Amino acid sequence: MKRKYHSLLACFPISLYNNIHSHLCANYSTSRMATAILEGSPMTQNPEEEEKQVDKSECWIFIDNINRLCKEGRMKQAVGQLHAMCARGIWMASTDLYAQLLQACADNHSLIEGKRVHALMNKMRYYKEDIFLGNHLLNMYSKCGSISDARHLFDGMRARNVCSFNMMIAGYTKCRRIEDARKLFDEMPERDVVSWTAIIAGYAQHQDGEDALQLFQQMLHAGMKPNHFTFASVVSACSSLEVLKQGKQVHARIIRTGFESYESVGNALITMYAKCGSIESACCLFNRMPNRNTVSWNTMIAGCAKCGMIGFARQLLDEMPERNIVSWSAMITGYEQHGCPEEAVLLFEKMLGEGLNPDQFTFASVLSACASLLGLRLGKKVHAHSIITGFVKDVFVGSALVDMYIKCDDIDHAFGVFDRMPERNVVSWTAMMVGYAQKGHGHKALSHFRQMHCAGMKPDELTFASVLSACASLTALEQGKQVHVHIVRSGYEAFVGVSNALITMYSKSGSIDNAEQVFKKMLVRDEVSCTAMVVGYANHGLAKEALQVFDKMLSQGMTPDHVTFIGVLSACNHVGLVDKGCEYFDSMTRCHQITPKADHYACMIDLLGRSGRLNEAEDLIDNMPFDPDATVWGALLSACRTRGNIDVGKRAAEKLFKLEPQNAATYVQLSNTYAAAGRWDDAAKVRKIMKERGVKKDAGCSWIEVKSRWHAFVAGDNSHPQLKEITEILKKLSGQMKEAGYLPDSNFVMQNDD
């Protein structure tokens, strides 16, 4: 009779009859049968096999060791104990023991050890039909990231239940294969709340809030009741979409169903309200939370910091009963992002003083603060700390270090960090290109872009803008066109920042027609777009077109900036619109609240001087709200040379000698001014003073790009390999110019007797 009842119980997993299990062991008269039950092995009818006795105490020792090792996360040793059991002849451990091992492997992401357990299970046909263990295997493979093994196992399972499908859906979403997860979800014969929650959470986690909300509505229409996990995911979807109205509707349903008191739901709601700009609602919710954990406080601090409530965020940090690294990082990031880099650095130092070690996000934020402060010395200290803690190898920390060194004008250290990075992302590559372009190393920036492409890294809009800036600085039209093709293929042409960079590149490279085409194709334009076009037209002498763009810009309600007015004043200068230029200059302060800078005054001085109104130019200088710099006096000296005004030119030159005593251009300009007026003795005296002071004029240099190759020409240099052919072409061109009646005006050619 005992064996009959036991045979019925053996049809069910051992976890369902643990109490009966112990009674069976006590009632059997032989230790052989008790041991078989204890080990979870099927009872054999073969008397010879029943003679293989195993000491029960030894079995319990193995099980206790496996339990302890699993809790400690020592999976290799735990699975080793299982193998040792098999070696001792204890072949059939209980279902629960295998489930425990598989769960521990999943929690510790121990794929290799999980496969070893699976291999042992395959030796025992008893487990082939066990859905319980099959689901644990699916869970292990999914959590360890081996989704292909999980799918292979799933397809081979003779029996599946809802849990099997849920495991696979969760595994797909974890591996960012949301389409496969959705396909499997649609194929499910039946679904439970876990199924719906898994797919909704998958969409929410992958920033596809719209699909997450649509599935939530379908779930409600199907009559399925959400749980707190479902609501947390749905609120996160509202947060990613920043849809406050839908978020409030979900919140109302949460209140009706009684899930608002759950910490995960409350934290998600605080994040949603803060991200949607409703910080008051977030504060009210936080204040009435019955239980707050560290995540609740951190969420509130991050939300307040994001909304600019820095003072209140700091108050929350100070009031927290227990802080962790996320708390400190949220506050440091808040300070850095809202223009308080000094406070960010001080808080970082306080955090270190309390014995906390920064994480990669803390390092990235404090390095950004150092960059804002141009604090190279402080940045190097943070760099040293990142080396000590090992976070220097993190791609985000490495990128922040590169950016910090570049902004602190230390390109060599920036490249050193970049070169040693074990992993690079688009931010680190782009930061190096920006650094090279800003330092005038356009060729290195272009080379870096090619290396990035060869490394398989996809550029983003900032990368393209940076490399186009390098092309513009080199006037590298052909390379710029190649980058443009790459932009079109990558789908970034519609990005306003990229189009603006294209306009600037084409304008500076002498192709104003291409710049105009890019500008006209833009579906959306901003102030930068119009400014780039105004400056481009002005530099090409197309004053009418420049002023038309400027007037249209104003009519559309756009706000011009300092750079826009430099383009406008330059355009007026090109065609001699003195009165119009004066009106634009006055409108800067009167209509646009823009205080003119030295460059604007220089444009006005040049405009007035070229038209012969030198007295007005001097009056404008005298009434400047700040001391004129070399740019202003240089513009006046240039105008004097053009108009032949020796006296004013001499005064301007004396100012320049004080400001820039080693600038050869001032001496040469003054000397040529005297020479143009026929005062050769005075011109010679200036040259003599220049020689006595040891001032040397740099040789003139120009360059040209032919078939992606650069050719530089320096005055007095005859080393070019094609010099003979170039000289012959120049002679032919000179002859054609004379035949056409062209007579060069040599009055304003800068004489150099050296």
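Asp606 is buried, with 16% relative accessible area. The model is predicted. Asp606 pairs with Arg610 in a salt bridge with an N to O distance of 3.1 Å, and Arg610 is partly exposed at 46% relative accessibility. Because Arg610 and Asp606 lie four residues apart in helix 37 (residues 598-610), about one helical turn separates them.

In total, the structure holds 17 salt bridges. The table gives three of them.

| Salt bridge | N to O distance |
|---|---|
| Glu113 and Arg116 | 2.6 Å |
| Asp180 and Arg177 | 2.8 Å |
| Arg610 and Asp606 | 3.1 Å |

Glu113 and Arg116 are three residues apart in helix 8 (residues 111-122), about one turn of the helix. Glu113 is buried at 10% relative accessible area, while Arg116 is partly exposed at 29%. Asp180 is partly exposed at 29%, and Arg177 is partly exposed at 34%. A network of salt bridges links Arg68, Glu72 and Arg74.

The disulfide count is zero. The cysteine sulfur closest to that of Cys276 belongs to Cys238 and lies 7.8 Å away, too far for a bond.

The largest pocket has a volume of about 800 Å³. Its lining has 29 residues, and those closest to the pocket centre are Ser368, Ala400, Asp403, Lys407 and Val427. Helix 25 (395-407) is among the helices that each supply at least two lining residues; helix 25 contributes the largest share, seven residues. By class, the lining of the largest pocket comprises 13 nonpolar, twelve polar and four charged residues.

How values were computed:
Residues are numbered from 1 along each chain as its sequence is written. This is a predicted model: local features need pLDDT of at least 70, side-chain atom pairs count only at pLDDT 80 or more; totals for chains, interfaces and linings use all residues. Side-chain values use heavy atoms; hydrogens and water are left out. On a 1 Å grid over the protein atoms alone, a cavity is a set of points where a 1.4 Å probe fits but cannot get out, and a pocket is an open set with protein on both sides within 12 Å along at least five of seven lines; lining residues have an atom within 4 Å of a point. Grid points are joined across faces, edges and corners, and a volume is the space filled by probe spheres set on the points. Ala, Val, Leu, Ile, Met, Phe, Trp, Tyr, Cys and Pro count as nonpolar, Asp, Glu, Lys and Arg as charged, and the others, Gly among them, as polar. A disulfide is a pair of cysteine sulfur atoms within 2.5 Å. A salt bridge is a side-chain nitrogen of Lys or Arg within 4 Å of a carboxyl oxygen of Asp or Glu. Buried means under 20% relative accessible area, exposed over 50%, partly exposed in between (1.4 Å probe, protein chains only).
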